[in-house]
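Please read them with the structure open beside you.

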Amino acid sequence: MKLLLDTHVVVWLISEPARLNATERAAIGAADSELIVSAVSVWEVRAKWLAARRSNRVWHVSPRSVIDFALANGVALVSLPPEACAAEPLSDLAHGDPFDEMLLVHAGNVGARLLTRDGKLAAHPLAYHP
């Protein structure tokens, strides 16, 4: 199964792998899993990392570390094509987080499910919420 990793899943894999539950780890480690990190997640981590720096807080995951993690672990890094950026808004999205919407659109664009723990996305048909 193709799994596009939600940003929090990528962050946990890098900095706090123990936060992943057994079902999430099984999905990530399954022999038939094709793991994908979206450029959207790199950008979202960048936004959070910069916000933390500006307020003198520490954010342990940098955008570069997301890229390095993917490259070191055979996880595909996938850009969001312009056509996906112009997609119609998702009418069935439970909240207005633009990063979540972009990730769901990207999952659909690459034929993947979004591996997420976000309860607000759990009912979405493109979400994989084990």
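1. Sorted by class, the residues that line the largest pocket comprise eight charged, three nonpolar and two polar ones. Please keep in mind throughout that this is a predicted model. The pocket has a volume of about 170 Å³, and 13 residues form its lining, with Thr-7, His-8, Val-11, Glu-44 and Lys-48 lying nearest its centre. Two elements, helix 1 and helix 3, each give two or more residues to this lining, and helix 1 gives the most, with four residues.

2. Glu-44, one of the residues nearest the centre of that pocket, belongs to helix 3. Is Glu-44 buried or exposed? Its relative accessible area is 5%, and because the cut-off for burial is under 20%, Glu-44 counts as buried.

3. On the side of helix 3 the contact involves Val-42, Val-45, Arg-46 and Trp-49, while helix 4 contributes Pro-63, Val-66 and Ile-67. Taken by class, this contact between helix 3 and helix 4 has six nonpolar residues and one charged residue, with no polar ones.

4. How does helix 1, residues 7-15, pack against helix 4, and at what angle? The angle is about 80°, with the axes 10 Å apart, and because angles of 65 to 115 degrees count as roughly perpendicular, helix 1 is roughly perpendicular to helix 4. Val-10, Leu-13 and Ile-14 of helix 1 make the contact with Ser-65, Val-66 and Phe-69 of helix 4, which by class amounts to five nonpolar residues and one polar residue, with no charged ones. Val-66 of helix 4 therefore takes part in this contact and is also listed in the contact with helix 3, as the contact cut-off of heavy atoms within 4.5 Å applies to both.

5. Val-9 is likewise found in helix 1, and at 1% relative accessibility it counts as buried. Beyond residues up to four places away in sequence, Val-9 touches Leu-20, Ile-28, Leu-115 and Thr-116. For Leu-20, which is eleven residues from Val-9 along the chain, the C-alpha atoms of the two are separated by 7.6 Å.

6. Ser-33 sits in the loop between helix 2 (22-29) and strand 2 (34-38). Its relative accessible area is 19%, and because burial requires a value under 20%, Ser-33 is still classed as buried. Met-1 is 32 residues away from Ser-33 in sequence, yet the two are 4.8 Å apart in space, C-alpha to C-alpha. Leaving aside neighbours within four places in sequence, Ser-33 is in contact with Met-1, Leu-3, Ala-27 and Ile-28; Ile-28 is also touched by Val-9.

7. The phi of Asn-56 is near 60°, a positive value in a residue other than glycine. Asn-56 is placed in the loop between helix 3 and helix 4, and with a relative accessible area of 74% Asn-56 is exposed, as the cut-off for that class is over 50%.

Terms used
Residues are numbered from 1 along each chain as its sequence is written. This is a predicted model: local features need pLDDT of at least 70, side-chain atom pairs count only at pLDDT 80 or more; totals for chains, interfaces and linings use all residues. Side-chain values use heavy atoms; hydrogens and water are left out. Ala, Val, Leu, Ile, Met, Phe, Trp, Tyr, Cys and Pro count as nonpolar, Asp, Glu, Lys and Arg as charged, and the others, Gly among them, as polar. Axes are lines fitted to C-alpha atoms, for helices over the stretch in contact, and angles run from 0 to 180 degrees between N-to-C directions. Angles under 35 degrees count as roughly parallel, over 145 as roughly antiparallel, 65 to 115 as roughly perpendicular and the rest as oblique. Buried means under 20% relative accessible area, exposed over 50%, partly exposed in between (1.4 Å probe, protein chains only). On a 1 Å grid over the protein atoms alone, a cavity is a set of points where a 1.4 Å probe fits but cannot get out, and a pocket is an open set with protein on both sides within 12 Å along at least five of seven lines; lining residues have an atom within 4 Å of a point. Grid points are joined across faces, edges and corners, and a volume is the space filled by probe spheres set on the points.
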